[in-house]
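Thanks for coming, everyone. Let's go through a few local features together. Please look at the screen.

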Amino acid sequence: MLATKTSIRLDENSRIPKYLQIVHSIIEDIETQHLAVGDKIPSINEISEEYYLSRDTVEKAYNQLKEKKIIVSVKGKGYYVARNISHNKETVLFLMNKLSNYKLRIYNSFIDSMGSSVQVDLQIYHCDAKNLLNILEENMGAYDHFVIMPHFKNEDKSHYNHDSNVLEMLKKIPSEKLLIMDNYLADFEGEAAAIYQDFKHDIYKALCEGIFQLQNYEKLLLVYPQQTVYPYPREIMEGFKKFCKDFEFDHEILETVYTDMELRSGDVFIVIEENDLVNLVKQVREQNLALGEDIGIISYNDTPLKELLGITVISTDFKLMGETAAYMIRKQKKESVKNVFNFINRGSV
């Protein structure tokens, strides 16, 4: 008999293929803790000889277990249990482009909405398309669902989202297992679930909502960082320019809030990064300007702190995005839904 913690249970009268019976036996032993991570399991030849099975049958079973990342082969040593599993739990791989407060709010909302019966694993690919491709390749077939935020950067640190290699890889994922989040990919319209921001039209629409307040100012300034570790969608800048052109606003785009900047009464700033917001508020106070009267400030993306400080924002609803994604997975939806994006006036314009 095999000197191992596992035993292969085969039913000659069952219509279930023998290779699947092997798979189910090993999975059941891991679930019942007869096998733990790191335990060695019998070789293909050992099972083949012990249970009078063809080598091809056992190899097919092991290949399926390897594809699901349940076992791993170590050259010259054999096969080992690679991870704990729960056959009763659905599994989700959540692929986030960067670790930020906004992204974590989406993730936490998603986790809460999915509930404890689902295992969600988080990986960060840092806007690196090659890194994302490697993660997908390593985990293809290992999860029931894939949630992906497609944001990438090129060598010039500019943002882009339509990466041909990534699109090709995503199309290998069964459409019912894929959910695109936060950014729109036209290639998957109607083919997979999607909950996204429309960055160009979102900022345009939100500024239109605040037109009554903005008309009190002479110039609109967008602080859009050009060189950052994690670049922002250029559609934000395009939507801002279109709004200013359509409504005939004098405008300017800055890369940052400069130290000792020349602030002029009648300016209203739209600020994306937190550091720029802090620097701007500090300078407004130092120059004894009245926020919401002399100088206007609108911050991009809402946070509880901005609400506490009374900062006007234009922002998507991060909590709702996570909830909607969870709902789509639970209900097996394949719709493309644009998340809400609002102008929230708190008196700083």
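Where is the place of Asp 128? Asp 128 sits in a loop, between strand 5 (118-124) and helix 5 (129-139). Keep in mind that this is a predicted model.

How accessible is Asp 128? Its relative accessibility is 34%. Buried means under 20% and exposed means over 50%, so Asp 128 counts as partly exposed.

Now its side chain. A polar atom of the Asp 128 side chain lies 2.9 Å from the backbone nitrogen of Lys 130. One distance along the chain, too. Asp 128 and Glu 255 are 127 residues apart in sequence, and their C-alpha atoms are separated by 23 Å.

Next, Ser 100. Ser 100 is also placed in a loop, between strand 4 (90-96) and helix 4 (101-114). Is Ser 100 buried or exposed? Ser 100 counts as buried, because its relative accessibility is 15%, under the 20% limit. The Ser 100 side chain has a polar atom 3.2 Å from the backbone nitrogen of Lys 103.

Last stop, the surface. Which residues make the nonpolar surface patch? Leu 305, Leu 308 and Leu 309 make it, and the patch covers about 350 Å². Take Leu 305. Leu 305 belongs to helix 11, which spans residues 304-309. With a relative accessible area of 51%, Leu 305 is exposed, because the cut-off is over 50%.

To recap the accessibility calls: Ser 100 is buried, Asp 128 is partly exposed, and Leu 305 is exposed. Over to you for questions.

Conventions
Residues numbered from 1 in each chain as written. Predicted model: local features only at pLDDT ≥ 70, side-chain atom pairs only at ≥ 80, totals over all residues. Heavy atoms only, no water. Patch = residues over 30% accessible without salt bridge, like charges linked within 9 Å, V, L, I, M, F, W, Y side chains within 5 Å. Areas by Shrake-Rupley, 256 points an atom, 1.4 Å probe, with all protein chains shown as cover. Salt bridge = Lys/Arg side-chain N within 4 Å of Asp/Glu carboxyl O. Helix = DSSP H or I, 4+ residues; strand = E, 2+ residues; numbered from the N terminus. Buried < 20%, exposed > 50% of the residue type's maximum accessible area, 1.4 Å probe, protein only. Polar contact = N/O pair within 3.5 Å; in protein donor to acceptor, adjacent residues only side chain to side chain.
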